Amino acid sequence: MKSHARVCLRVFVVIASSSVSARAASHLWRINEIFSNADGTVQFIELKESLGSTAENGIGGKTMTDQMNGSSFLIPSNIVGNTANKFLLFATPAFAALPNAPTPDYIIPAHFFAINGDTVHWAPAFNYDNFTFSSGALPTDGINSIQITNFNTHSFVTGSNSPTNFAGPPGHVDASCTDVDGDGYGNPGNASCLHGAATDCNDNNPAIHPGATEICTDTIDNDCNGLTDCDDSACANFVPNCIPALSNIGVAVAGLLLIALGITVIKRRAKCARD
Ligand SMILES: [Ca+2]
Ligand SMILES: [Ca+2]
Ligand SMILES: [Ca+2]
């Protein structure tokens, strides 16, 4: 009986430890896809469970980091559910705000990694995976991404992005709009910008864009129509700064009067000469 109890205890310990081990596992996730737009505000890193394991849930406390920018994101807790061949999506707030973007599993800061070459580490404390790309390797057209084709050799291709979160299915984003100041108008504008094709003539000032109110005294073309202050019809009635325009009319009228007067004088002189 005593011996039977010991056997039972041993079996329990083995089962319990293997269960803990299974719950804690997270070493089969691999960096699968990396994406950035041109200014680094829209970025995502996608992990994939690489060997069909159903229990790679132990990601809590692990970090995603990069080398060049010194970024680090700590996963707060383990993930629940069957992990076999699933994905985990780490993405920036601007990514999450894009139309049709799949909901990121984790929000990472903008400019998380450098676009001109960097190394991204998954769980660096455990050396689970890291992926290095050199300058020029990462597409920044807002459409294409780096997609790892071999987790051992880290060989990759570039192609149309397909961010996938834990729930799936794959999504796709168009981040080709360059809108540095975040006012929704791109430079150049295009269909992926919040306000479409209208181009922002100053993409470093969110107060300046097509449709903005033309301020008549700041020597700036606020509404991007190519006309500044009093030259813009929006300021035609602005008093007093655009009054010079009215003075010009007065000058023109005075000029015409002088010409008329001159003609009259000439005519009189001519008449006097004839007389
Ligand atoms: Ca803009
Ligand atoms: Ca102005
Ligand atoms: Ca203007």
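The calcium ion (ligand 2) and the calcium ion (ligand 3) sit 5.9 Å apart, with E214 coordinating both. This is a predicted model.

Take ligand 2. The calcium ion (ligand 2) has these protein donors: E214 (OE), I215 (O), D218 (OD), I220 (O), N222 (OD1) and D229 (OD). They lie 2.1 to 2.5 Å from the ion. Why is the arrangement around the calcium ion (ligand 2) octahedral? Its 6 donor atoms subtend angles of 78 to 178°, and that makes it so. Octahedral here requires opposite donors over 155 degrees apart and all others between 65 and 115. For reference, six ideal octahedral donors give 90 or 180 degrees. Along the sequence, the donor residues of the calcium ion (ligand 2) follow the spacing E-I-x2-D-x1-I-x1-N-x6-D. N222 has a relative accessible area of 4%, so it is buried. D229, at 10% relative accessibility, is buried too.

Now ligand 3. The calcium ion (ligand 3) is held by E214 (OE), D221 (OD), D223 (OD), N225 (OD1), L227 (O) and D232 (OD) as protein donors. Their distances from the ion run from 2.2 to 2.4 Å. The angles subtended by the 6 donor atoms are 79 to 164°, so the calcium ion (ligand 3) also has an octahedral arrangement. In sequence, the donor residues of the calcium ion (ligand 3) are spaced E-x6-D-x1-D-x1-N-x1-L-x4-D. Both D223 and D232 are buried. E214 is the bridge between the calcium ion (ligand 3) and the calcium ion (ligand 2).

Next come the disulfides. The whole structure holds 4 of them. Counting bonded cysteines along the protein chain, the pattern is 1-2, 3-5, 4-7, 6-8.

One disulfide joins C201 to C224, with an S to S distance of 2.1 Å. The torsion about its S-S bond is about -80°, so the disulfide of C201 and C224 is left-handed. Both C201 and C224 lie in the loop between β10 (155-160) and α3 (244-274), so the pair ties together parts 23 residues apart in sequence. C201 is partly exposed, at 43% relative accessibility.

Another disulfide joins C216 to C235, S to S 2.0 Å. The link of C216 and C235 is left-handed, with -95° about the S-S bond. C216 and C235 are 19 residues apart, each in the loop between β10 and α3. How accessible are the two ends? C216 is buried at 10% relative accessibility, and C235 is buried with a relative accessible area of 0%.

C230 and C242 form a disulfide with an S to S distance of 2.1 Å. This link of C230 and C242 is left-handed, at -90° about the S-S bond. C230 and C242 sit 12 residues apart, again in the loop between β10 and α3. C230 is partly exposed at 33% relative accessibility, whereas C242 is buried at 5%.

Finally, step back to the whole chain. The protein chain has 3 helices and 10 strands. From the N terminus, its elements run α-β-β-β-β-β-α-β-β-β-β-β-α. Of its 275 residues, 39% count as buried. Among contacts between residues at least 6 apart in sequence, 50% join residues at least 24 apart. The accessible surface of the protein chain is about 14900 Å². Carbon and sulfur atoms account for 60% of that surface.

Key:
Residues are numbered from 1 along each chain as its sequence is written. Chains are lettered from A and ligands numbered from 1 in the order in which they are written. This is a predicted model: local features need pLDDT of at least 70, side-chain atom pairs count only at pLDDT 80 or more; totals for chains, interfaces and linings use all residues. Side-chain values use heavy atoms; hydrogens and water are left out. Donors are N, O and S atoms within 2.8 Å of the metal (3.2 Å for Na, K and Ca); water is not among the atoms, so sites may look incomplete. Four donors count as tetrahedral if all angles lie between 85 and 135 degrees; four count as square planar and six as octahedral if opposite donors are over 155 degrees apart and all others between 65 and 115; anything else is irregular. Buried means under 20% relative accessible area, exposed over 50%, partly exposed in between (1.4 Å probe, protein chains only). Helices (H or I, at least four residues) and strands (E, at least two) are DSSP runs, numbered from the N terminus. Contact means heavy atoms within 4.5 Å. Accessible areas come from the Shrake-Rupley method with a 1.4 Å probe; for residues, only the protein chains shown count as cover. A disulfide is a pair of cysteine sulfur atoms within 2.5 Å.
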